[in-house]
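Here are my notes on the model you sent over. Have it open while you read, and tell me where you'd look next.

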Amino acid sequence: MADMQDPIIRIENICKTYPGGVQAVNNVSLNVNRGEFFALLGPSGCGKTTLLRMMAGFEIPTSGTLLIDGQNMADVQPNKRPVNMVFQSYAVFPHMSVAQNVGYGLKIEGRPKKEIAERVQEALDLVKLGHLGGRMPDELSGGQRQRVALARALIKRPSVLLLDEPLSALDAKLREAMQIELVRLQKTVGITFVIVTHDQDEALSMANRIAVMEQGVVKQIAGPAELYESPNCRFVADFIGKINLFDGQAKANGNGKTLVETPVLGKVEFGGDANGPVSLGVRPEKVRVSREKPSGNLLAAQGPVTDIAYYGGYSKVFVDIGAKEPVLADITNAERSMGPGFENGEKLWVSWRAEDTLVLTS
Amino acid sequence: MALLSRLRARREPIGPLDYYRKLWLRLIMIGTLIFLYGPISTLIAFSFNDSRRNIVWRGFTLKYYEKALENDELIEAFTNSLTIAFFTTIVSVILAALAAYVLWRFRFPFKAAYEGAVALPIVIPEICMGVAMMAFFARIGWPSDLPWPLSLSQITIAHIAFSFPFAAIVIRARLESFNRELGESARDLGASEARVFWDIVVPHMKPGLIAGALLSFTLSLDDFVITFFTAGPNTVTFPVKVYSMVRFSVTPEVNAASTILIGLTLVLTAIALRLQNRNNMNMQA
Ligand SMILES: Nc1ncnc2c1ncn2[C@@H]1O[C@H](COP(=O)(O)OP(=O)(O)O)[C@@H](O)[C@H]1O
Ligand SMILES: [Mg+2]
């Protein structure tokens, strides 16, 4: 028996090259801890589904090892793995009723009819479909079908539940409700969830930890706040949320400090050692906008407003300070008034604290 | 320019989608119907004609149906045909389902060649198939004096060989619409490959199986050429018997027997379509 402290899934140097020559997953190593809500996040085509399907056993890794619950999965068929999957299309069997769908896994295990019926009802109640057991799938909405797929996968009490873009087919309102419900469900059943998504909001709001992927490579694995506030590269910084980036040159001065020079922001000193080209980044909500020149230990620049977009609770203000793109500042409309009170073309100062600035070397 | 537009304006205003109001379209529709059903309706009508010759209408009668049903040779031929068609249907649908599944599910060397080889008999002229079959059975010395149902084995085997590709193509086409995630999902829930086939794939194939069965049945039932070459000396099927009867004269008796056959085919088709519709409705999810 594996140690309970061990990760439930351990992936070491896994690669997958499809017969056509596409390298979908490139030397990925990661651990998923027991009881965790883990997300694989990345743009479409970056290899998330491939990685998930290797965990389920539907794709065979070209190289590398995959351990689930301490057991090497190399020779284990998909039907013998302690994981269950919710497919992107939900894959609800169209010729079986809801109850038959949910009970299918137990029927295969050869459980007695009575036990199946009880556990099916329990699973349906869990996903709030308790009254729909007799329906056929074509009588269900997309959201209900997804719940059937969830109940069907959970009824087998797997060690890990794998979900491939489970919310992408739902409309915006339902998606938000399901995000909350999936988190609740995961807490209730205490099963490890691994979810694939291309939607950063989804990953940030649901997952305990997130692996950000790009072109088959995992760029960073961290919690949501760490990913947002301390991305380790431009790709992650740009993919998670919005960010203003300024290209510059770094020069370490040898005593733990680095001087970064950018055309628009001048010379700024940061902690750490870096040399060569870097990017300075700042999140839009950390940028302040003012008519007067701000004072204090701030990075600041002046320029005309190019655009103001009003979103109700906040406004986006774009200020052209001469960088590649205008600086974006999110201004909270904290008081009841007609927007942020700036005008297009007006010359404004943008500023932010040095400690809110990210220095990205890759 | 002005003249042209005035001419257009004076025309009957037929909307761009009012095809059915155009004369040429109506003519085509009526023409095709006559072409398709003229001969058959004549055949059916004259099966009720109270005259030995199929020329003028002499009043309604059912006596040729009685005659046809009392004709032992005709009934025997009919029974043979139905028996052959029954076994042909069962065997070729099973073979076709397996071949289609293998082609759809797996990747293997020379798959394209295999797929082509399965479909090829469709375009091979029947006469060649017939001669080849006859030569084949003669070469391997297939016994021709077997007792009754076995005496039909040559014809049945030949029919399976030429109707199975049609069924395979229909079933293969049906499989194209199968969502592979359904199979994977069943596997994920613990099913073996065989279990996935029975529990998930076969129910999806059902409309294809029904269509394939109907095709095999009718192909076998009305086949003349291949049957003619593979029939033993003492086995006669319905088409062959009808052929021998009309060599002397076309009697209303032949009309009556043919009408019964048409009716039987229509009923079977209706049943198959009903089954298929029900399935399609379940499959839409
Ligand atoms: N069965 C397959 N055969 C060949 N290439 C594939 C197959 N499945 C996926 N790919 C390719 O692998 C890459 C990663 O695909 P996928 O894992 O589905 O990405 P994601 O789920 O992140 O969108 C893509 O370039 C895709 O075209
Ligand atoms: Mg995907």
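1. Ground rules first. This is a predicted model, with local features needing pLDDT of at least 70, side-chain atom pairs counting only at pLDDT 80 or more, and totals for chains, interfaces and linings using all residues; side-chain values use heavy atoms, with hydrogens and water left out. Residues are numbered from 1 along each chain as its sequence is written, while chains are lettered from A and ligands numbered from 1 in the order in which they are written.

2. Chain B has 13 helices and 0 strands (DSSP runs numbered from the N terminus: H or I of at least four residues for helices, E of at least two for strands). Its C-alpha atoms fill a box of roughly 70 × 60 × 35 Å along the principal axes.

3. Now the largest pocket, which holds about 550 Å³. A pocket here is an open set of points on a 1 Å grid over the protein atoms alone, where a 1.4 Å probe fits, with protein on both sides within 12 Å along at least five of seven lines; lining residues have an atom within 4 Å of a point. The volume is the space filled by probe spheres set on the points, which are joined across faces, edges and corners. Of 23 lining residues, Phe58(A), Arg105(B), Glu184(B), Arg187(B) and Glu193(B) lie nearest the centre. Helix 9 of chain B gives the most to this lining, with 4 residues.

4. Which rings stack? Phe246(A) and Trp352(A) do, at 5.6 Å centre to centre and 10° between the planes (rings of Phe, Tyr and Trp, its six-membered ring, pair with centres within 6.5 Å; planes under 30 degrees apart are stacked, over 60 edge-to-face, the rest tilted). Phe246(A) is in strand 11 and Trp352(A) in strand 19 of chain A, 106 residues apart. Both are buried (under 20% relative accessible area with a 1.4 Å probe, protein chains only; exposed is over 50%, partly exposed in between).

5. Over in chain B, Trp104(B) belongs to an aromatic cluster whose members include Tyr101(B) and Phe106(B). The charged end of Arg180(B) sits over the Trp104(B) ring, 4.3 Å from its centre (the rule: NZ of Lys or CZ of Arg within 6 Å of the ring centre and within 35 degrees of the ring normal).
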